[in-house]
Amino acid sequence: MAPTTRTTPPLTLKAGTAWSDAWRRCRDAAPEAFHDDRVGNLWGGGWHLDGTPLPATSPVDQRPIAGPPRLDAPAAARAVRAALDQHRAWRHVPLGERRARIAATLDALTAHRDLLALLLVWEIGKPWRLATADVDRAVDGVRWYADGIDTMLEGRAPLAGPVSNIASWNYPMSVLVHATLVQALAGNAVIAKTPTDGGTACLTLACALAAREGVPLTLLSGSGGRLSEQLVRAPEIGCVSFVGGRDTGAAVATAVADLGKRHILEQEGLNTWGLWEYSDWDRFSAVVPKLFDYGKQRCTAYPRFVVQRRLFDAFLDAYLPAVRTLRVGHPLAVADPSDPFPELDFGPVINAAKAKELTDQVAEAVDRGAVPLHRAADTTGRFLPGQDTSAYVQPVTLLNPPPSSPLHHAEPFGPVDTVVLVDTEAELLAAMNASNGALVATLSTDDPALHDRLAPQIRAFKVGRGVPRSRGDRDELFGGFGHSWRGAFVGGNLLVKAVTQGPEDERLPGNFPDYHLMP
């Protein structure tokens, strides 16, 4: 008798999670903001069907989704003037009432938690586990501030104008919504620019829920370059908060420095993980898959390992089996429509253009001498039959990318690791400081004294001892060294200080043109 051949049935979409399902739920939840095929801009306390919607596709499968309704400069200028009017009224609202409105907003966000998370899946490709975590971190973090805001605001007052927020697409809730609600809690009206690459519907729903509770939020869409005059340089703006790349951040930094404007500018850096005189490889191997969460599309990812040469064989024995366990695919693809959400480490990168950029950078680096240590096959992902997978990049690891490659000195913002071998402590430090400043770094060594001696020489705001560091939550402070950060540091009470006015001679902890002050 011939052996029976078992075939795996094709995957299907989890029931109730289609983009059309999410859009219908958004229209039911916030009909003032969501319309047949577009969203509005929020300014002057109401929603407006102005701007020209930019065509958009989901990174998950390249199908059309709602894009940002981009305003021109005159329309943005009107919105900023309206935000100043809101600010002048809101700053006089008693703290107890501000806190009550923020608390009501958090309750509404909690009630719509799963819908917000589903929007994050479709708009920026987050697996369900990470999408729900992004929503939960936003809500839990702002609740922590609401509970302790009285002490944080002692002797402080709101700024002279609203806070303008320009943030990248990768954490709409736990970074952008979190920041805006804390800024409002501290007595400021708030302006947020919708990221062009993703998050439009999620941010629209979150802002609609907050606006219903009377929180003075403005949500605008438009080209960063075209709206810079209004969102950065406008005299109405009291503070600029930026999260993004170094090129754009440098232009913003120049503008705010020229104007003497309060600013918080978080920029990218090459975060590195060094291994020197180290032997706990089981511990290291266990953390490798976690470092690939969301395909390393976050400012605190670790894309570079700096390894003592004599440890290279042991490093590979620990690293390669771990990286081969990574689970990649469609975040909503299941065997049966009633199955739970799939457990994935990451889904697509933000768009097909980014996937091509990464693929081209890897090919170019290999052509110029980099050695491929690991390249997962494209056939290993979990996908729907016939699905467009042009925005997916399988994990890649390269040894010694050439200095001419962007992978040598810049953060790839995707699932691409690079490994550099060193022979001396001086080489270790030079390689770990390759980008002139970073947000986080880690040094793994068996010798605590060696760690204590070398860690202060690593130019990162947070340095872990054998463990990854992150942005952190609640009272954990956050900033950067060198070109990775400009302006006031944040986290804990520093976030409130950064967006309020204290004593006249106050020097905020931060990285400023004329001084660097650690907390």
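A polar contact is a pair of N or O atoms within 3.5 Å; within protein, one atom must be able to donate a hydrogen and the other to accept it, and residues adjacent in sequence count only if both atoms are side-chain atoms. This model is predicted, with local features needing pLDDT of at least 70 and side-chain atom pairs counting only at pLDDT 80 or more, while totals for chains, interfaces and linings use all residues. Residues are numbered from 1 along each chain as its sequence is written, and side-chain values use heavy atoms, with hydrogens and water left out.

The polar contact in question involves Asn511: a polar atom of its side chain lies 2.7 Å from the backbone oxygen of Trp485. Asn511 belongs to strand E24 (residues 510–511); strands (E, at least two residues) and helices (H or I, at least four) are DSSP runs, numbered from the N terminus. With a relative accessible area of 14%, Asn511 is buried, where buried means under 20%, exposed over 50% and partly exposed in between (1.4 Å probe, protein chains only). Neighbours within four places in sequence left aside, Asn511 is in contact with Gly480, Phe481, Gly482, Trp485, Arg486, Gly487, Phe489 and His516; contact means heavy atoms within 4.5 Å.

Next comes a sheet. It is open and has 7 strands in the order E17-E18-E19-E15-E14-E20-E21, with mixed pairing; two strands pair if DSSP finds at least two bridges between them. Strand E17 (371–375) and strand E21 (460–465) are at the edges, each with a single partner strand, so one side of each has no neighbour in the sheet. On average, neighbouring strands of this sheet are turned by 20 degrees against each other, direction ignored. Axes are lines fitted to C-alpha atoms, for helices over the stretch in contact, and angles run from 0 to 180 degrees between N-to-C directions.

Within the sheet, strand E15 (residues 304–308) pairs with strand E19 (residues 416–422) in the parallel sense over 5 bridges. Arg304 has Thr418 in E19 as its bridge partner. Helix H12 (residues 352–367) lies across E17, strand E18 (396–399) and E19, and runs at about 30 degrees to E18.

Two loop residues remain. Asn436 sits in the loop between helix H14 (425–432) and strand E20 (438–444). Its phi is near 55 degrees, a positive value in a residue other than glycine, and Asn436 is partly exposed at 33% relative accessible area. Arg474 is in the loop between E21 and strand E22 (485–488). Phi of Arg474 is also positive, near 55 degrees, and Arg474 is partly exposed, with a relative accessibility of 44%.
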